[in-house]
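Please open the model in the viewer and keep the selection tool at hand.

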Amino acid sequence: MNLAFWGKDERLRMATPEWCTWFGLDPANVIGHTLAELLPADYLGIWRQHFEGAARGQVTQYVDMRQDKLGTQQWRHVHLSPQLPHFSQPEASGRSDVQGVMMVMTDATREHLREQMLERQREQIQRLQHALEEHRGDGAEVEKLRALLDWRTAMLTEHNEMLQLLSHEIRQPLNNASAAMQATMKAIDDLHLKDTDPATKALSRAEHVLQQVIGTLDNTLAAGTILAVGGKASSSSDTDLPTLIRLVMHDIAADLRPRINEQWDTNTRTVQLHPALMRLTIRNLLNNALSYAPEGSQVTLRISESDDPLALIIEVLDNGPGISDELRPRLFEKGSRGSENRNRAGAGLGLFIVRSVLQLHQGTVEALPNEPQGTIMRLVIPQGLAD
């Protein structure tokens, strides 16, 4: 993995060989040098605001693209995460106790190439659909175009399956790295040594960054999948609800889980839904609530049901600042973010995914006020539709 860490003086403390290779640096001669000495001036000029944001305590991200020696374009997802004391959470307004910045770069080349191919396939399908409309009176021509359209649709489905396989190949090493970091932190704690706080905090922050990368990858894959199927109903299955919630809780960073209060107002155990997409949906809502609610405050995950109509109801309640009037009309749009949240990590896909998944389930999502302060995100998932 491409990984580097520098202190608040911008002197490099640690860097992997892959990180050095990306920037054309000698791994044996980088430690102790400043970013200005190591990185190209034009690169720092373009991404300076992201580096400065991380130094102020904000988690930032961007996509870096360059050509290799053969002229082939390469992409990297870049996450800059501040290293803060006492497991503190980053703040949009900035802070002065940042101890350093960790950069994590993940290969996004095949993901970008695959998305470009998918986009070309979608454009071809649209052109064929228009041609079908124009030649509706010519039966033979229509059948020919319909066959071509079916073939293009099958190709798009195959590309989408390849995208999911690619995502698994990328996600698995990230999950392995996250598990290794958690095991290392536990091993350090079990030794009961003195002065291990700095190492434990650095590992915890690195684990947070990996979880953010995994979350971004999952959201990007889900967005591509939903757009590829064009809003058609996704297959639901009988799902054990307590197991689903346990998996969601496992997805949350370990040091944030104690802030989540589960409230069960139903004895329902088996529900009809798409487990993978709903797991991602609930995780997105919980991570949003944990991010925007006051540090250390409780976030409630409430599970209930209704009889008329028959539906599962999942709510996430927080005591955060609420949703601004400026953001509310476009809250669930793709890429939508409030003006006060520009420096937070993410691509604005979280709530777009939430709404899209609920539409696939023929359900609804609402953002309601939580008195006296905060937000209630309410999911209503109809049950018994298969009957």
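This is a predicted model: local features need pLDDT of at least 70, side-chain atom pairs count only at pLDDT 80 or more; totals for chains, interfaces and linings use all residues.

Which residue in β5 stands opposite leucine 3? Select leucine 3 together with valine 104: the two stand opposite each other, valine 104 lying in β5.

Strand β1 covers residues 2-7 and strand β5 covers residues 100-107; six bridges join them in the antiparallel sense.

Next, display the whole sheet. Five strands make up this open sheet, and their order across it is β2-β1-β5-β4-β3, with antiparallel pairing. Select 12-15 and 60-67 to see the edges: β2 and β3 each have a single partner strand, so one side of each is left without a neighbour in the sheet. On average, neighbouring strands of the sheet are turned by 20° against each other, direction ignored.

Finally, move to a pair of helices. Select residues 275-292 for α8 and residues 350-360 for α9; these helices pack at an angle of about 145°, and their axes are 9 Å apart. The crossing of α8 and α9 is left-handed. To inspect the contact, show side chains including Leu277, Met278 and Leu285 of α8, and Ile353, Val354 and Val357 of α9. By class, the residues of the contact of α8 with α9 comprise ten nonpolar, four polar and no charged.

Conventions: Residues are numbered from 1 along each chain as its sequence is written. Side-chain values use heavy atoms; hydrogens and water are left out. Two strands pair if DSSP finds at least two bridges between them. Helices (H or I, at least four residues) and strands (E, at least two) are DSSP runs, numbered from the N terminus. Axes are lines fitted to C-alpha atoms, for helices over the stretch in contact, and angles run from 0 to 180 degrees between N-to-C directions. A crossing is left-handed if the near helix is turned anticlockwise from the far one by less than a right angle, and right-handed if clockwise. Contact means heavy atoms within 4.5 Å. Ala, Val, Leu, Ile, Met, Phe, Trp, Tyr, Cys and Pro count as nonpolar, Asp, Glu, Lys and Arg as charged, and the others, Gly among them, as polar.
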